Amino acid sequence: MKKLMRKIAERANELTLRAKLVVETKRAEMYVDKGVGIIIAVVVGALLLAGVYTLFDTTILPKVTAKINEMFNYGG
């Protein structure tokens with residue numbers, strides 16, 4: 001009878017430790033989710049920044065340069 005009670009107690013302790021481990025690892029999942037979210041935000045931000053840079057470089061700056069040259073290129 002003592003062996004049976006000891007086995008039951010050991011099994012209960014083992015299950016308690018497993019449950020504790022599962023609860024602790026769920027906390028780590030939140031850190032992984034935050035890390036992935038930060039990485040995604042950085043990548044999306046870099047893509048937006050590259051798009052704006054390309055837009056300025058190919059569309060806006062040449063037009064501004066042409067307008068400035070027209071203003072100072074008078075025959076006057």
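Arg11 is partly exposed at 44% relative accessibility (between 20%, under which a residue is buried, and 50%, over which it is exposed; 1.4 Å probe, protein chains only). Arg11 forms a salt bridge with Glu14. The model is predicted: local features need pLDDT of at least 70, side-chain atom pairs count only at pLDDT 80 or more, and totals for chains, interfaces and linings use all residues. Residues are numbered from 1 along each chain as its sequence is written, and side-chain values use heavy atoms, with hydrogens and water left out.

**Salt bridges**
- The structure holds two salt bridges (a side-chain nitrogen of Lys or Arg within 4 Å of a carboxyl oxygen of Asp or Glu).
- Between Glu14 and Arg11, the closest N and O atoms are 3.5 Å apart.
- Glu14 also pairs with Arg18, with the closest N and O atoms at 3.2 Å.
- Through shared partners, Arg11, Glu14 and Arg18 form one network.

**Position in the helix**
- Arg11 and Glu14 both lie in helix H1, residues 2-72 (helices are DSSP runs of H or I, at least four residues, numbered from the N terminus).
- Three residues, about one turn of the helix, separate Arg11 from Glu14.
- Glu14 and Arg18 are four residues apart in helix H1, also about one helical turn.

- Glu14 is partly exposed, with a relative accessible area of 34%.
- Arg18 is partly exposed too, at 47%.

Note on methods
Helices (H or I, at least four residues) and strands (E, at least two) are DSSP runs, numbered from the N terminus.
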